[in-house]
Amino acid sequence: MDLTVDFFTLFRLPRTFRIDLAELDARYLEIQSQVHPDRHVRAGEGERRLSMQWAARANEAYLTLKKPLERARYLLSLAGRDPEIERNTIMEPEFLMEQMEWREAVQEARQGGDHHELERLHHRLRLDLKKHHAELASLLDDRQDYAAAAGLARRLMFLEKLLAEIDKTLAELEDGMDN
Amino acid sequence: MALLQISEPGASAEPHRHRLAIGIDLGTTNSLVATIRNGLAVCLPDEEGRALLPSIVRYRADGGIEVGRRAVAQQAVDPRNTIVSVKRFMGRGIRDVTHIEAMPYIFEDTPGMLRLRTVQGSKSPVEVSAEILRVLRARAEVSLGGELIGAVITVPAYFDDAQRQATRDAARLAGLEVLRLLNEPTAAAVAYGLDNAAEGVYAVYDLGGGTFDLSILRLTHGVFEVLATNGDAALGGDDFDHRLFCWILDRARIAPLSIEDASHLQMKARATKELLTTCDEVPIKLKLDSGEEIDVLITRAEFAEMTRPLVHKTLGLTRRALRDAGLAVSEIKGVVMVGGATRMPHVQRAVAEFFGQEPLINLDPDKVVALGAAMQANALAGNHGANDDWLLLDVIPLSLGLETMGGLVEKIIPRNSTLPVARAQDFTTFRDGQGAMAFHVVQGERELVADCRSLARFELRGIPPMAAGAARIRVTFQVDADGLLSVSAREASSGVEASVKVQPSYGLSDDEIADMLKAGIERAGDDMAARALNEQRVEAERLIEATLRALASDGALLDAKERAAIDSAIDALRALCAGADTRALGVGIAALARATDEFAARRMDRAIRGALAGHKIEEI
């Protein structure tokens with residue numbers, strides 16, 4: 001096993017979108033408890049360097065597989081599909097309309113300093129994402145429709161960005177309250 | 001120098017020797033040293049039985065240096081040369097320090113880190129901190145009666161790279177081998193968690209003399225996993241004192257004070273704050289050198305009111321940490337209070353209200369960090385006891401990135417990434433034939449470079465002539481388990497490589513450290529060469545011991561020829577240990593390290609496979 005091994009193999013998990021998160025947690029901790037630099041403090045330099053590389057790799061792998069969208073993108077990249085490359089696909093007008101509505105709503109809540117509305121938007125978006133994750137699972141695991149999955153992943157990248165913006169706005173409002 | 005013990009093949013060297021390792025809490029107000037004795041973490045007291053060493057250093061005109069209580073006594077007499085709360089200056093420039101106008105020191109605005117002009121000349125905060133560490137090291141050596149193999153030193157979780165680097169430099173200067181820099185709230189969580197066999201998600205609210213940290217950890221089967229951390233490296237008990245100081249001045253209608261009177265009043269403010277923990281009201285009486293008299297009365301409610309914004313700020317940061325961890329207040333099982341400033345009743349009340357539960361205060365908030373550090377030091381030293389099979393997974397508190405066009409920051413490693421972490425990003429040239437590329441490494445959450453902390457600048461030269469956009473320059477950020485960053489850049493597309501490693505510009509260069517060490521050693525009448533030789537011997541012994549241990553457990557991974565090569569490298573290094581050639585020892589250490597590289601890789605591979613098969617490596 002070398003450092004370039006894929007993340008699913010590293011954790012001995014099936015190469016699917018649906019994974020057992022509890023199992024992922026357990027595998028991650030098992031690996032870290034072997035490779036972490038704290039376990040190799042008194043070793044020679046080569047072993048210490050190797051331990052750091054493995055531990056960093058395990059962290060990267062864990063983070064990638066833990067987040068649904070990251071996991072989907074990783075699966076797509078293993079299948080030779082990169083959602084980033086699908087950037088030329090034309091977005092459906094419905095999706096674009098929906099995006100604009102979302103952004104307007106966030107903008108409005110920001111200007112009004114409406115904390116509760118932002119929280120509500122955050123929750124709605126979370127639910128939306130969850131629904132889409134189920135869709136991703138079906139596209140990737142059941143139908144192996146990578147083209148459609150890549151398109152959906154690309155749309156989800158927009159939604160996650162939006163979620164990050166809502167969270168940032170919430171943080172800014174809270175900062176305003178603190179000062 | 002004792003000869004190395006010869007061990008039987010297959011047996012590890014000196015299996016029962018307890019390696020002396022310490023944990024040090026290098027605090028803003030007080031510092032402590034702790035160790036594990038008979039399986040229990042204990043703070044080591046001074047000869048008068050006191051565990052707390054005030055973090056105060058006085059440089060005397062006669063060349064003497066006083067640290068701790070003796071320096072405290074001189075604080076108001078000789079404020080300019082008596083450095084308090086030096087931690088606030090670690091890795092900081094003059095513009096970074098708040099309330100600098102109220103301080104009695106003569107600052108020098110030197111690039112990177114400020115310096116203090118004392119009667120003994122210009123001192124870096126690193127040197128001042130090293131004096132405190134030296135006292136603690138000596139205390140530990142006397143108390144434990146042997147040579148220390150190393151120390152775990154705690155830092156606020158919210159310390160940035162420059163502050164961490166400065167702390168590490170101070171330890172080196174004090175002659176301490178740093179086993180690990182450990183985040184203070186994480187240390188507290190270890191002490192608390194191991195003591196109480198705790199499981200679940202905990203928050204650690206750590207309000208020290210000069211810093212505030214809030215960390216959220218998940219404790220599962222001996223793994224301490226930091227989920228998120230937030231804080232303010234310039235908010236602590238000192239700020240509460242300062243509010244009170246200003247309030248007294250305002251109440252007593254006193255004209256600007258001399259630096260001696262200001263020092264007096266600052267100490268009075270601190271003492272009053274401490275009294276208000278148990279008293280509802282405290283009279284403040286002080287006769288100044290100027291002849292004026294202060295005579296005012298303060299109630300606990302007034303003090304709580306004037307410092308409410310400070311408490312409020314800590315709760316805002318707490319909220320952010322919770323959001324970063326994706327957790328609701330209701331999901332927090334317990335709140336551990338750390339730091340002397342959490343003794344203030346209104347702080348405890350505010351935290352209890354925020355979390356909807358009484359915070360845990362059963363461990364001494366002054367000692368818990370040092371105790372946790374000692375536990376970690378003990379584990380890192382390899383003194384594994386029955387309950388020592390635990391692991392810490394900590395995070396980086398602040399994002400790291402590179403400056404891009406227009407003064408914007410491109411984040412490479414986001415905050416709260418689990419350590420260690422390595423991330424690479426590709427860049428390319430934007431002009432035909434561009435031979436060099438400049439990089440500016442920054443730390444912080446803001447989008448503009450100007451709002452972040454500049455850590456380092458470096459240039460990659462020797463890029464072969466290519467069309468714009470054809471070069472592929474891979475920049476790799478690597479943060480180790482101490483939270484320290486190294487950055488390298490490499491041009492790969494042409495097969496030609498150039499790479500650079502940078503150290504943060506705030507850290508001291510190895511040359512500077514060497515100079516300071518030399519000065520310190522000369523002062524102590526020590527022999528530089530003897531010390532260097534001893535250090536190499538210790539390193540050689542450490543490597544031999546580690547190799548023997550590895551051979552004992554995994555020797556089967558080697559064929560006879562490979563084994564013979566390692567054995568002969570060990571023998572060669574052993575022979576060098578008996579001699580007195582420092583340089584040859586260094587070569588021997590490097591040779592053994594090289595000889596074991598492939599072995600280490602196989603061992604790691606086996607460990608990972610073993611972990612996944614559900615077995616520990618020893619069981620296979």
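**View 1. The elements of chain A follow the order α-α-α-α-α-α-α from the N terminus.** Chain A holds seven helices and zero strands; here helices (H or I, at least four residues) and strands (E, at least two) are DSSP runs, numbered from the N terminus. Welcome to a predicted model, in which local features need pLDDT of at least 70, side-chain atom pairs count only at pLDDT 80 or more, and totals for chains, interfaces and linings use all residues. Residues are numbered from 1 along each chain as its sequence is written, chains are lettered from A and ligands numbered from 1 in the order in which they are written, and side-chain values use heavy atoms, with hydrogens and water left out.

**View 2. The C-alpha trace of chain A spans about 60 × 50 × 30 Å along its principal axes.** Of the 179 residues in chain A, 50% are buried (under 20% relative accessible area, with a 1.4 Å probe and protein chains only).

**View 3. Four strands of chain B form an open sheet, ordered β21-β20-β23-β24 with antiparallel pairing.** Two strands count as paired if DSSP finds at least two bridges between them. At the edges lie β21 (408–413) and β24 (453–460) of chain B, each pairing on one side only.

**View 4. Here we zoom in on strand β20 (residues 400–404) of chain B, which pairs with β21(B) in the antiparallel sense.** Five bridges link β20(B) and β21(B). Look for B:Gly401, whose bridge partner in β21(B) is B:Lys411.
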